[in-house]
Amino acid sequence: MFYTDSFEMKLAYHSAPSLLGIKPANLFSVTRKQAGQVEEFNMRASHRGFKIRVMCECNERVLVILYNEKMLSTQLDDPVRKELLDSFGYAECKTLEAKLDMLSKAISSCDGFPHEIGLFLGYPVPDVTGFIENAGRDYIFSGYWKVYHEENKARRTFGNYEKCRKFLVAKLSQGKDIYEALKIA
């Protein structure tokens with residue numbers, strides 16, 4: 001059995017694909033106490049382009065997004081993603097920070113996750129639109145997200161995400177801290 005009690009282990013377990021450069025962002029929750037470690041991570045990892053940002057807070061938990069600034073900016077500027085994101089009201093958001101501010105407000109003000117979250121997390125646009133059009137039903141496969149198109153490609157992607165997770169978790173299980181595992185000074 002694997003435990004994700006520490007902040008670093010949660011980071012490795014839930015964000016390995018982003019930390020290892022194959023996904024723009026991951027979303028996960030931590031305890032309020034663990035959220036205190038976000039600032040240290042941001043100071044130590046910023047030179048590698050990583051940042052953790054608090055998206056919303058509840059009584060006991062804090063929802064955070066870990067992202068690679070360059071990769072996420074590039075993905076959100078892709079014309080197809082940008083058009084869909086603009087349809088959700090993001091047209092006036094000119095910077096990544098402005099987009100994340102708006103996403104944070106959308107998460108905090110809604111009963112579930114806003115549909116555009118998938119665009120930030122690197123889900124394929126056809127799967128984001130498929131989810132919206134089908135109200136989350138009639139998907140062909142489910143893993144890290146509900147897949148509506150290109151099942152084989154999604155399965156390969158999910159497999160790569162799992163390899164990242166296993167690799168990073170193994171490093172921490174061997175006694176390395178997250179900074180040593182990622183070769184962050």
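**Charges, rings and cores**

Modeller: K82 and D86 are four residues apart in helix α5, so about one helical turn separates them. This is a predicted model: local features need pLDDT of at least 70, side-chain atom pairs count only at pLDDT 80 or more, and totals for chains, interfaces and linings use all residues. Residues are numbered from 1 along each chain as its sequence is written, and side-chain values use heavy atoms, leaving out hydrogens and water.

Colleague: What makes K82 and D86 a salt bridge?

Modeller: The rule wants a side-chain nitrogen of Lys or Arg within 4 Å of a carboxyl oxygen of Asp or Glu. The closest N and O atoms of K82 and D86 are 3.0 Å apart, so the pair qualifies.

Colleague: Why are K82 and D86 called partly exposed?

Modeller: Buried means under 20% relative accessible area, exposed means over 50%, and partly exposed lies in between (1.4 Å probe, protein chains only). K82 is at 35% and D86 at 25%, so both fall in the middle class. Elsewhere, salt bridges with shared partners join K51, R53, E97 and D101 into one network.

Colleague: How do you know that E97 and K51 form a salt bridge?

Modeller: Their closest N and O atoms are 3.6 Å apart, so they meet the cut-off. This pair links distant parts of the chain: E97 is in helix α6, K51 in strand β2, 46 residues apart. (Helices are DSSP runs of H or I, at least four residues; strands are E runs, at least two; both are numbered from the N terminus.) A search of the whole structure finds nine salt bridges.

Colleague: What makes K23 a case with no salt bridge?

Modeller: K23 is buried, and the nearest side chain of opposite charge, E162, is 11 Å away. Lys and Arg count as positive, Asp and Glu as negative; His and the chain ends are not counted. At 11 Å, E162 is beyond the salt-bridge cut-off, so no bridge is assigned.

Colleague: Which backbone oxygens does the side chain of K23 reach?

Modeller: Those of A25 at 2.6 Å and L121 at 2.9 Å. A polar contact is a pair of N or O atoms within 3.5 Å; within protein, one must be able to donate a hydrogen and the other to accept it, and sequence-adjacent residues count only if both atoms are side-chain atoms.

Colleague: What makes W145 and Y161 an edge-to-face pair?

Modeller: Their centres are 6.4 Å apart and their planes make 65 degrees, so both tests are passed. Both residues are buried.

Colleague: Which residues have the most contacts inside the largest nonpolar core?

Modeller: L100 and F120, in a core of 30 residues. Such a core is a set of buried Ala, Val, Leu, Ile, Met, Phe, Trp, Tyr and Cys residues joined through side-chain atoms within 4.5 Å. Helix α6 gives the most, with five residues.

Conventions: Rings of Phe, Tyr and Trp (its six-membered ring) pair if their centres lie within 6.5 Å; planes under 30 degrees apart count as stacked, over 60 as edge-to-face and the rest as tilted.
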